[in-house]
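Have the picture open while you read.

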Amino acid sequence: MQFVSIVIPTFNRPYPLAELLESLSRQTYSKLDIIIVNDGGERVDDIVALYPELDVQLIHCAENVGHVEARNIGVKAAKGDVIMLCDDDDLLLPCHVERMVLELADADFVYSDVEIFHYRVENNQRIPTKRFLFAYDDDREAMRQFSTYVPSGSAYRREIHEKIGYFDPYVNNYWDWDFFLRVSASFRVKRVAVASVLYAFSNEGDHLSRQMNDKRKMYLDRLSKKHGLGNLPTKNFWLLLEEPEVAKRKAPSKVIWDGTPIVSRLHRL
C-alpha cells in the first residue's frame, strides 16, 4: 500500500478546513500523510486536535507567502510516494483516495471529475444549495485553450517534481493550468470519470472569480507566453463554459454524492 501525502494550504477558513478533515477521516484508504500549511493565518491546532486518528503535519508560516508557495512548502515536506492536492474548503467522498491510487497503476498523474456546489452558511456549517457536474474530456490540445483540470483531489507520483520542478508562483491564479501543461508534456495523464470531489463555490466568489481583473489578466498573459498559447479568452468562467468549443467537451461521469452536508467534529462541539 502506497503512502499518500495530502497537501492542504489554508488561510483563515477554520470551519471548511474542519469539514475537509472530517471527509479525510472517512476515507476507505488509510495510509495517509496530511500536510496542512497554515499560510500566516489564525492557528488551526485545535481543529487538527479534533482528528487524532489522522497523521497530520502542521506547518505554520510566519507570514502570508501566497497559496502557490504554500503548496510548494507542503509538497517539499511530503513523506509519501504519491501526492494529492486539496484546497482547505474541498471535500473528498469516502472512496476518492482509494480509487485514485488504483488509477495510478497505469498513469503518473490522475485527476477526477468534480461536483461544484453552491452553498449558504448556517451556524458556520455549509449547506449545499445547488450542484453542478464539472466533467469534460481530456483533449490535450483543447486544454491549451481552456483548462478543465481541477487540481482538487488530483494525485501524482512525487518524482514528477524531480523532473519539472514545483508550482510556479509567477503565474499565480493559473498555477494549476501551468502544472497540468508541464506534466502532460512528459508524463502519463489520466482523467477519472467519477465525481468524487466536491468543490465549493460561494455566491461571494471565494474560489472562482466572476470577473477578469487586470491582475488576473497579467497572470493569464504570463501563462500564455510561457506555453505559447496565443491570445486566450478572458470571459467570466461561467460564460466560457457556455462557449461551443467548451460545451462540446462535456463528458459523462459517475455521480456518487447524495447531497448530504459533511458535518465536522467542530460543528458537533
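A residue is called buried when its relative accessible area is under 20%, exposed when that area is over 50%, and partly exposed in between (1.4 Å probe, protein chains only). With that rule, phenylalanine 167 and tryptophan 175 are both buried.

A word on where this comes from: the model is predicted, so local features need pLDDT of at least 70 and side-chain atom pairs count only at pLDDT 80 or more, while totals for chains, interfaces and linings use all residues. Residues are numbered from 1 along each chain as its sequence is written, and side-chain values use heavy atoms, with hydrogens and water left out.

**Rings in pairs**

A pair of aromatic rings is described by the distance of the centres and the angle of the planes. Rings of Phe, Tyr and Trp (its six-membered ring) pair if their centres lie within 6.5 Å; planes under 30 degrees apart count as stacked, over 60 as edge-to-face and the rest as tilted. The count here is 19 aromatic pairs. In one of them, the centres of phenylalanine 132 and tryptophan 238 are 5.4 Å apart and the planes meet at 75°, so this pair is edge-to-face. Phenylalanine 132 belongs to strand E7 (residues 125-134) and tryptophan 238 to helix H8 (residues 237-241), so the pair ties together parts that are 106 residues apart in sequence. Those labels follow DSSP runs numbered from the N terminus: helices (H or I) have at least four residues, strands (E) at least two. Phenylalanine 132 is partly exposed at 24% relative accessible area, and tryptophan 238 is partly exposed too, at 22%.

Phenylalanine 167 and tryptophan 175 also pair edge-to-face, with 5.0 Å from centre to centre and 65° between the planes. These two belong to one aromatic cluster, whose members include Phe109, Tyr111 and Tyr149.

**Charges over rings**

A charge sits over a ring if NZ of Lys or CZ of Arg is within 6 Å of the ring centre and within 35 degrees of the ring normal. Here are two cases:

| Charged residue | Ring | Distance to ring centre |
|---|---|---|
| lysine 76 | tyrosine 166 | 4.9 Å |
| arginine 126 | tyrosine 119 | 5.7 Å |

**A record to compare**

UniProt, in an unreviewed entry, lists residues 5-165 as "domain: Glycosyltransferase 2-like". Over residues 5-165 the chain is 26% helix and 32% strand, and the end C-alpha atoms of that stretch are 17 Å apart.

Notes
UniProt positions renumbered as here; feature names shortened; annotations may be inferred.
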